[in-house]
Amino acid sequence: DNKKAVKDADIIILAVKPQNFPETLKEIRLVATPSKLFISIAAGVTTDCIEKALSKTPRVLRAMPNVAALAGEGAAAVARGHFARKDDVQYALAILNAVGLAVEVDEKLMDAVTGLSGSGPAYCFLIIEALTDAGVQLGLTRDLAEKLAAQTMLGSARLCLTSKQHPAQLKNMVTSPGGTTAAGLKVLEEGKIRATLMAAVEAAAKRAKELAG
Ligand SMILES: NC(=O)c1ccc[n+]([C@@H]2O[C@H](COP(=O)([O-])OP(=O)(O)OC[C@H]3O[C@@H](n4cnc5c(N)ncnc54)[C@H](OP(=O)(O)O)[C@@H]3O)[C@@H](O)[C@H]2O)c1
């Protein structure tokens, strides 16, 4: 019973699919008083749209989490609606920080966040899958190849976050002249991996904007 759930709560996380938002907001409209904080995680649904669907001056925040929250390593951004207070953002950041990293952004940057970290785990899964296939092709068992690929991604990401060094510096640190890594990197550059990743994030951000209408 959504109405009762909202009545009984101080903070409500709106986590239904975007297409179910209109019916759900209609259901809770009359109990959505300004004493309550609404945090939406729906992709492409603006705070403006939620505020208009709820009554009077609702405190609304919009968050874009990602699936890595399931492993406690999520990356999320939070944007404030017109009536949400500064400490509302702190509540949302505290909730999302419990399952990874959370930052505040201006809502106009939400499509960029969606294209980068919202959709990002799928890009990383695809890369892990491809590295695994490459390992298998070279004779590693699938299980071992997948472990090595995933741990390499995880370890590199952790080093990036903890070392405070630019990713290019870290890359240069492990690239000896005429060595194995230089040979691999040359192939990646020939395949235009940078431009491809940039185009992927741009396409996802564009799609997020389209879905928001
Ligand atoms: N998955 C992600 O990584 C991710 C990342 C960022 C944002 N999001 C956003 O998170 C939201 C949920 O996505 P999801 O992938 O987790 O989808 P999901 O697994 O299908 O979850 C949707 C949930 O909403 C419930 N629900 C549907 N209609 C409802 C209604 N009228 N009243 C109350 N509950 C209702 C569903 O319950 P039943 O199963 O019982 O129908 C289900 O538990 C979406 O808005 C999505 O844009 C997801």
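A residue counts as buried when its relative accessible area is under 20%, as exposed when that area is over 50%, and as partly exposed in between, using a 1.4 Å probe and protein chains only.

Welcome to the structure. This is a predicted model, in which local features need pLDDT of at least 70 and side-chain atom pairs count only at pLDDT 80 or more, while totals for chains, interfaces and linings use all residues. Residues are numbered from 1 along each chain as its sequence is written, and side-chain values use heavy atoms, with hydrogens and water left out.

**The whole chain**

The chain holds 10 helices and five strands; helices (H or I, at least four residues) and strands (E, at least two) are DSSP runs, numbered from the N terminus. Along the principal axes, the C-alpha atoms fill a box of roughly 65 × 30 × 30 Å. The chain exposes about 13,400 Å², with carbon and sulfur atoms supplying 63% of it; accessible areas come from the Shrake-Rupley method with a 1.4 Å probe, and for residues only the protein chains shown count as cover. A contact means heavy atoms within 4.5 Å. Among contacts in the chain with a separation of 6 or more, 59% are between residues 24 or more positions apart.

**Around the ligand**

Of the 13 residues around the ligand, N2, A15, V16, I41 and A43 come nearest, where near means that a heavy atom of the residue lies within 4 Å. By class, this shell has nine nonpolar, two polar and two charged residues. Here Ala, Val, Leu, Ile, Met, Phe, Trp, Tyr, Cys and Pro count as nonpolar, Asp, Glu, Lys and Arg as charged, and the others, Gly among them, as polar. The table lists polar contacts, which are pairs of N or O atoms within 3.5 Å.

| Residue | Part of the residue | Distance to a ligand nitrogen atom |
|---|---|---|
| N2 | polar side-chain atom | 2.9 Å |
| E23 | side-chain N or O atom | 3.5 Å |
| I41 | polar backbone atom | 3.5 Å |

Taken alone, the ligand exposes 890 Å², and the protein buries 49% of that.

**Two nonpolar cores**

A nonpolar core is a set of buried Ala, Val, Leu, Ile, Met, Phe, Trp, Tyr and Cys residues joined through side-chain atoms within 4.5 Å. The largest has 15 residues, of which L14, F21, L25, I28, F38, I50 and L54 touch the most other members. Not counting residues up to four places away in sequence, L54 touches L25, I28, R29, A32, F38 and V60. A second, separate core of 12 residues includes L37, V78, V89 and A92.

Start with S40, in strand β2 (residues 37-40). S40 counts as buried because its relative accessibility is 0%. Beyond residues up to four places away in sequence, S40 touches L14, F21, I50, L61, R62 and A63.

Next comes S119, in the loop between α5 (110-118) and α6 (120-137). Its relative accessible area is 26%, so S119 is partly exposed.

Finally, A205 is found in helix α10 (residues 193-212), and at 16% relative accessibility A205 is buried. The C-alpha atoms of A205 and L109 are separated by 9.6 Å, although these residues are 96 residues apart along the chain. Leaving aside residues up to four places away in sequence, A205 touches D111, A112 and G115.

Notes
A polar contact is a pair of N or O atoms within 3.5 Å; within protein, one must be able to donate a hydrogen and the other to accept it, and residues adjacent in sequence count only if both atoms are side-chain atoms.
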